[in-house]
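Let's walk through this one together, one question at a time. Keep the picture open while you read.

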Amino acid sequence: MEEVLGRSVASWCRGATGVTNAVRLSGGASQETWSFDIQHPDGLIGAILRRAPQGYGAAPGRAAGLDAEARLMQLAYDAGVPSPRVLHILQPPDDLGTGFVMARVEGETIARKILRDEKFANARPLLARQLGKVAAGIHGLAVSELPKLRRMTAAKELAEMEREYRGFDWPRPVFELALCWLADHDPGPSDEVTLVHGDFRHGNLIIGPDGVRAVLDWELAHLGDPMEDLGWVCVNSWRFGEIDKPVGGFGTREELFAGYEAAGRRVDAKRVTFWEVMGTLRWGVMCCGMMQRFRIGPDHSMERAMIGRRASETEIDLLRLLAPRGN
Amino acid sequence: MQDEPTPEELTKAVADFLRNDITPQISGHHAFKLRVAINVLDLVTRQLKLEQGSDAAELARLSKLLSMPGSLGELNRVLADQIAKGELDLQTPGLAEHLWQTTMDKLAVDQPNYASHKRELEAKGD
């Protein structure tokens with residue numbers, strides 16, 4: 001891998017003499033993430049490769065595709081949204097499949113560390129407001145410059161989720177209740193259609209002791225209601241036990257909204273709540289999907305199986321949202 | 001009738017062995033996998049202990065709520081269907097209580113330490 005990467009890097013990084021420390025970080029069969037260092041007379045340059053190896057074409061279903069991801073990161077970076085700089089978009093002569101190389105941003109993505117470690121103590125009170133500003137930056141990107149993306153509405157999202165849930169053929173009365181609530185409370189198409197990150201939460205945010213350093217993983221980016229991102233980041237599943245701090249377990253909605261509005265954009269709190277309920281159900285349906293993949297394959301791991309048993313967490317959260325017991 | 005020890009006692013014995021004797025000897029990715037494995041066994045142990053009681057209570061509630069006999073699986077399908085059709089909703093007497101109790105019983109097996117579950121337990125003392 002280092003040899004192939006080295007040849008590629010030599011063609012686009014002036015002065016590069018090779019590549020070292022290449023490690024595969026994660027990914028399934030169709031997508032890989034690698035970390036490596038570019039050897040350069042001025043010192044090592046940390047880099048990340050995101051790619052689909054040869055033989056894996058367009059990303060399935062909801063994914064925006066690696067080319068779109070690279071373009072979105074570039075646009076975000078240029079607009080001042082914390083984002084890794086895209087260094088190179090893979091071309092056929094690179095012999096690396098499709099994808100891109102970006103600068104490696106140092107920091108933490110693991111929620112439990114961000115919420116508990118002393119080193120982030122000063123950052124935590126700032127994060128919700130910062131995320132508001134970051135979301136506003138994402139939603140403010142000019143739609144005319146964006147790559148081709150799916151256009152989503154609440155009704156479409158709901159229909160997709162319901163189809164997936166029905167496909168599991170396993171009765172979940174609480175999910176049924178949530179589906180009814182969502183259908184009854186659909187706020188209709190948003191007046192304003194913007195870029196939506198689509199997975200704006202812990203795990204896709206690099207945090208340093210100074211706060212948010214980068215937004216990652218634009219795989220689920222689409223056009224739609226900007227309030228979707230604000231609702232998703234409030235889903236209880238991303239609070240990691242800090243349930244009284246709705247934004248990622250570190251802040252309040254008020255702080256998130258204040259950061260968003262200070263950047264010149266308007267919050268519609270009712271829509272945000274709608275998307276929080278939608279997001280809670282969506283994570284629940286995703287947990288059920290993990291169970292399917294465990295049972296049917298290709299991933300028979302214990303981890304997948306156990307995520308299947310986390311769907312009930314979203315059921316209690318849906319009940320807390322839709323039928324609170326008055327405590 | 002099968003002999004003792006019970007499945008619950010057996011899974012607990014294995015989980016305790018892995019937790020106390022093997023965990024200190026393992027590191028890296030296998031340590032992570034081992035933690036997951038212990039969590040699996042703990043979940044199964046809880047289910048073996050609690051399932052019979054919670055299933056019986058759920059079946060009794062469902063039969064009353066839907067005014068019909070049936071198995072747990074059948075009645076849950078009927079309930080899901082009636083909620084989807086709008087024939088039952090949160091105004092229906094007993095529905096919210098039923099869903100809450102059923103969900104609390106699931107969490108007691110799946111993830112008793114989930115913060116929302118602990119909060120609801122404290123609030124209601126159940």
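Q: Which domains does the domain assignment of chain A give?
A: A quick heads-up before we start: this is a predicted model, where local features need pLDDT of at least 70, side-chain atom pairs count only at pLDDT 80 or more, and totals for chains, interfaces and linings use all residues. Residues are numbered from 1 along each chain as its sequence is written, while chains are lettered from A and ligands numbered from 1 in the order in which they are written. The bounds come from an automatic or database domain assignment. For chain A, that gives domain 1 (2-103) and domain 2 (111-322).

Q: How many residues of domain 1 of chain A are in contact with domain 2 of chain A?
A: Two residues are in contact if their C-beta atoms, placed from the backbone, lie within 7 Å. The C-alpha centres of these two domains of chain A lie 26 Å apart. On the domain 2 side of chain A, 15 residues take part, and on the domain 1 side the number is 17.

Q: What is the strand order in the open sheet of five strands in chain A?
A: Strands (E, at least two residues) and helices (H or I, at least four) are DSSP runs, numbered from the N terminus. Two strands pair if DSSP finds at least two bridges between them. In this sheet of chain A the pairing is antiparallel, and the order is β1-β2-β3-β5-β4.

Q: Why is one side of β1 and of β4 of chain A left without a neighbour in the sheet?
A: Look at the edges of the sheet, where you'll find β1 (18-26) and β4 (86-89) of chain A.

Q: Which strands of chain A does helix α2 (residues 66-78) of chain A touch?
A: This helix of chain A packs on the sheet, and its direction makes about 25° with that of β5(A). Axes are lines fitted to C-alpha atoms, for helices over the stretch in contact, and angles run from 0 to 180 degrees between N-to-C directions. The strands touched are β3, β4 and β5 of chain A.

Q: What word describes how α2(B) and α3(B) lie to each other?
A: In chain B, the axes of α2 (residues 29-66) and α3 (residues 72-84) come within 10 Å and cross at roughly 45°. Angles under 35 degrees count as roughly parallel, over 145 as roughly antiparallel, 65 to 115 as roughly perpendicular and the rest as oblique. So α2(B) and α3(B) are oblique.

Q: Which residues of α3(B) make the contact with α2(B)?
A: From α2(B) come B:D55, B:E58, B:L59, B:L62, B:S63 and B:L66. Facing them from α3(B) are B:L72, B:L75, B:V78 and B:L79.
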